[in-house]
Amino acid sequence: MRWISTDLLAGLQARWVAQKNDPERIAHRLEDIRIAMLDMLGEDGAERYPQVARRIRASGDAQALWYARADLMGALAGIMEAQYEVLRQGGHSPSEAFNETVEELTQSLIRLVNDLLTLSRADSD
């Protein structure tokens, strides 16, 4: 039984190392992540927070995109707050406005995760 786990670990490590050193694959994945982040921000968010969109577009490596996610989360929180306020001014109760805002965010996240999973599956084939 011990030889199975050793072979499995060695195989996984070999596959990971082979994928890690492929610069074309890394560039492709970084572009996928960049596009997903910009899609999450949306056109309205890019207009409202142009510095965040600019930072995401200008990120040249994984580390820069990693740090840009904090700005993206801040922008998304601002967008959600603005949507909540618009709904409240439109006559929705606080709970209705909150539920609608969270529902729209959840639907956006589901689409994003689905797109990333589709890209991941296509990339592994």
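The model is predicted: local features need pLDDT of at least 70, side-chain atom pairs count only at pLDDT 80 or more, and totals for chains, interfaces and linings use all residues. Residues are numbered from 1 along each chain as its sequence is written, and side-chain values use heavy atoms, with hydrogens and water left out. The chain has five helices and zero strands. Helices (H or I, at least four residues) and strands (E, at least two) are DSSP runs, numbered from the N terminus.

**Overall make-up**

- Along the sequence, the pattern reads α-α-α-α-α.
- The chain holds 125 residues, and 19% of them are buried. Buried means under 20% relative accessible area, exposed means over 50%, and partly exposed lies in between (1.4 Å probe, protein chains only).
- The accessible surface of the chain is about 9200 Å², and carbon and sulfur atoms account for 58% of that. Accessible areas come from the Shrake-Rupley method with a 1.4 Å probe; for residues, only the protein chains shown count as cover.
- Of the contacts in the chain with a separation of 6 or more, 50% join residues 24 or more positions apart. Contact means heavy atoms within 4.5 Å.

**Helix α2 against helix α4**

- Helix α2 spans residues 23–48 and helix α4 spans residues 62–89; they pack at an angle of about 30°, with axes 10 Å apart. Axes are lines fitted to C-alpha atoms, for helices over the stretch in contact, and angles run from 0 to 180 degrees between N-to-C directions.
- α2 and α4 are therefore roughly parallel to each other. Angles under 35 degrees count as roughly parallel, over 145 as roughly antiparallel, 65 to 115 as roughly perpendicular, and the rest as oblique.
- α2 and α4 cross in a left-handed way. A crossing is left-handed if the near helix is turned anticlockwise from the far one by less than a right angle, and right-handed if clockwise.
- From α2, the contact draws on Leu30, Ile33, Arg34, Met37, Met40, Leu41, Gly45 and Arg48. From α4, the contact draws on Ala62, Leu65, Ala68, Arg69, Leu72, Ala75, Leu76, Gly78, Ile79 and Ala82.
- The residues of this α2 and α4 contact comprise 13 nonpolar, two polar and three charged. Ala, Val, Leu, Ile, Met, Phe, Trp, Tyr, Cys and Pro count as nonpolar, Asp, Glu, Lys and Arg as charged, and the others, Gly among them, as polar.

**Helix α2 against helix α3**

- The axes of α2 and α3 come within 8 Å and cross at roughly 155°.
- That angle makes α2 roughly antiparallel to α3.
- The α2 and α3 crossing is left-handed.
- On α2, the residues that meet α3 are Arg34, Met37, Leu38, Leu41, Ala46, Glu47 and Arg48. Their partners on α3 are Pro50, Val52, Ala53, Ile56 and Arg57.
- The contact of α2 with α3 has eight nonpolar, no polar and four charged residues.

**Helix α3 against helix α4**

- Helix α3 (residues 50–58) and α4 cross at roughly 160°, and their axes come within 10 Å.
- α3 is thus roughly antiparallel to α4.
- The crossing of α3 and α4 is left-handed.
- Val52, Arg55 and Ile56 of α3 meet Leu65, Tyr67, Ala68, Asp71, Leu72 and Ala75 of α4.
- The contact of α3 with α4 has seven nonpolar, no polar and two charged residues.

**Residues in and after α3**

- Glutamine 51 sits in helix α3. Glutamine 51 is partly exposed, at 43% relative accessible area.
- Glutamine 51 and aspartate 71 are 20 residues apart in sequence, and their C-alpha atoms are 9.1 Å apart.
- Serine 59 lies in the loop between α3 and α4. Its relative accessibility is 5%, so serine 59 counts as buried.
- Beyond its neighbours within four places in sequence, serine 59 contacts Arg34, Ala64, Leu65 and Ala68.

**Residues in and after α4**

- Glutamine 83 is in helix α4. Glutamine 83 is partly exposed, with a relative accessible area of 21%.
- Glutamine 83 and threonine 101 are 18 residues apart along the chain, with their C-alpha atoms 6.7 Å apart.
- Leaving aside neighbours within four places in sequence, glutamine 83 contacts Glu100, Thr101 and Glu104.
- Histidine 92 is in the loop between α4 and α5 (94–124). Histidine 92 is partly exposed, with a relative accessible area of 25%.
- Setting aside neighbours within four places in sequence, histidine 92 contacts Leu87, Ala97 and Glu100.
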